[in-house]
Amino acid sequence: MLNTPSDRSNAVAYFLTLGRQQELSELEQFSRTSMLVIAISNLLHQLQYERGLSNLFLGSQGVRGTEELQNQWSNSDTQLKQLQQALNNLLPEQGLQHLPARWLRRLGYALHSLERLPQLRADIQQQRLHTSAAIKAYSELVQSLLAVIFETASQTSNEAMARILVAMFNLMQGKELAGQERACGAAGFAARQFDPALRERITQLIDRQDRCFHIFCDYANDEALQAWARVLQGDFQLEFERLRRLVLTASPASMAVEEYDIRWFHCCSARLDALKQVEEILETRLLQMAQQALLQIRELSAAEPEFNHDLQRAAFDDVPTFALYVSHSETDDPFSGPDDDMAHNLSKPVVELIEAQGKRLKSLHGELDAARTELHERKLIDRAKRELMQRRQMTEQEAYAFLRRMAMNQNRRLVDVANNVLNMTELL
């Protein structure tokens, strides 16, 4: 029991000090996980480049890109070492023992996926894979790494940092889809033909890129948006759009005249490099915000214990999760309640601030939930495709076309049809 003013004062000081220490620990953890996010980002860029060269090599039946591919393996391995260094900073002996279980599972799966990389490279070198299989293998690896970044975005409670992470995740997801487009186009141009299934796949990739980049623009800061505008005005843009039209419309005869595969690859690579620059702006901003927050907490902890700031700030932390109650001013009305207190004791600007914070966080969590739902639905569709491929001896393109045809005939969503297919296979 806290019976005396001294007891109550000591309790206030104790819990506010404990709160500062916990906040400092969380920010240090976030700063180190942010470094891991950046290491993953750099590795993803190299793996995307490796995927594109692999499909140039496989599509041309080993004629093109042999030396470039081997050099790229070295570049990717360099980034793998950087990722390992970032991982070392997250080991328990570094004092970070309270990382979220879901985040750790995502990271574990991503590291497991990376263990398959040497065998994937050997299969490509020996030309034991079709281009579509190589694209799928690299894309699954990339998605496992992107899932770590997605979980990082969903774990932070700082709204400003979460916005940067949401912008970064959607930019990286769009960039990954752009990398898949590069790989698909390189395979088609190298083989000098685009079958209907490949063209349909590229059309889907274009549509999904647009959705990701739209969400990125909603959450990015001004500096990143300016860099994004430079991407749209880049020197490569006109050539890229021209080649993209060829991908979707040109006949095999028209593609036999010129060596479009190299031009396509370099043009798409220039686009991805420009997107990487936007990504780096977001990464820099994220680290700056984390370091600034760390510095502020350390300065407060090192100073004499002045808790007025903490008490004032606590009233506005986590606004959506509790009802703010202000003690009622002296009044003769015994029936007035908390709603009356809010009306009398909070000024209009403060109420508007709380409402605005709540709306922003609700919107942010809505976007994260939508992205999580999309990832879940994509996994269901992929599982249904694999079942059809195994049971009906279909290719991936045939399985996807089968699902789409069923969805159109039944006027249902693709994911609902995929779920039905999976339910049926479980009964057989």
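**View 1. Serine 113 and its contacts.** Leaving aside its neighbours within four places in sequence, serine 113 is in contact (heavy atoms within 4.5 Å) with Leu141 and Ser144. Serine 113 sits in helix H3, residues 101-114; helices here are DSSP runs of H or I with at least four residues, strands are E runs of at least two, and numbering goes from the N terminus. With a relative accessible area of 3%, serine 113 is buried (buried is under 20% relative accessible area, exposed is over 50%, partly exposed is in between, using a 1.4 Å probe and protein chains only). A word on the source: this is a predicted model, where local features need pLDDT of at least 70 and side-chain atom pairs count only at pLDDT 80 or more, while totals for chains, interfaces and linings use all residues. Residues are numbered from 1 along each chain as its sequence is written, and side-chain values use heavy atoms, with hydrogens and water left out.

**View 2. The whole protein chain, for orientation.** Count up the secondary structure of the protein chain and you get 16 helices and zero strands. The chain has 428 residues, and 44% of them count as buried. Take the contacts in the chain with a separation of 6 or more: 76% of them are between residues 24 or more positions apart.

**View 3. Helix H4 and its buried side.** H4 covers residues 117-125, and its buried residues include Leu117, Leu120, Arg121, Asp123 and Ile124. These five lie on the same side of H4 because they cover an arc of only 160° around the axis, the arc being that of the directions from the helix axis to the C-beta atoms. As background, an α-helix has 3.6 residues a turn, so residues three or four places apart point the same way. Just after H4 comes glutamine 127, with a positive phi of about 55°.

**View 4. H2 against H4.** Two packed helices are described by the angle between their axes and the distance between the axes. For helix H2 (residues 66-88) and H4, the packing angle is about 175° and the axes are 12 Å apart. The axes are lines fitted to C-alpha atoms, for helices over the stretch in contact, with angles running from 0 to 180 degrees between N-to-C directions. H2 is therefore roughly antiparallel to H4 (under 35 degrees counts as roughly parallel, over 145 as roughly antiparallel, 65 to 115 as roughly perpendicular, and the rest as oblique). On the H2 side, look for Leu69, Gln70, Trp73, Ser76, Asp77 and Leu80; they meet Leu117, Arg121, Ile124 and Gln125 of H4. Sorted by class, this contact has five nonpolar, three polar and two charged residues (nonpolar is Ala, Val, Leu, Ile, Met, Phe, Trp, Tyr, Cys and Pro, charged is Asp, Glu, Lys and Arg, and the others, Gly among them, are polar).

**View 5. Leucine 36 and the nonpolar cores.** The largest nonpolar core has 89 residues, and Leu36, Leu145 and Phe216 touch the most other members. A core here is a set of buried Ala, Val, Leu, Ile, Met, Phe, Trp, Tyr and Cys residues joined through side-chain atoms within 4.5 Å. Helix H6 (residues 159-191) provides the largest share of this core, with 16 residues. Apart from this core lies another one, of 16 residues, including Leu380, Ala407, Ala418 and Val421. Not counting residues up to four places away in sequence, leucine 36 touches Leu83, Ala86, Leu87, Leu90, Trp103 and Leu107.

**View 6. Leucine 272 in H11.** Helix H11 (residues 260-302) is the place of leucine 272, which is buried at a relative accessible area of 1%. Residues up to four places away aside, leucine 272 touches His45, Gln48, Lys175, Ala178, Gly179 and Arg182. Leucine 272 and histidine 45 are 227 residues apart along the chain, yet their C-alpha atoms are separated by 8.2 Å.

View 7. Glutamine 61, in the loop between helix H1 (5-59) and H2, has a positive phi near 60° and is exposed, with a relative accessible area of 63%. Arginine 192, in the loop between H6 and helix H7 (196-219), also isn't a glycine but has a positive phi of about 60°; its relative accessible area of 30% makes it partly exposed. Glutamine 393 lies in the loop between helix H14 (348-392) and helix H15 (396-410) and is exposed, at 64% relative accessible area.
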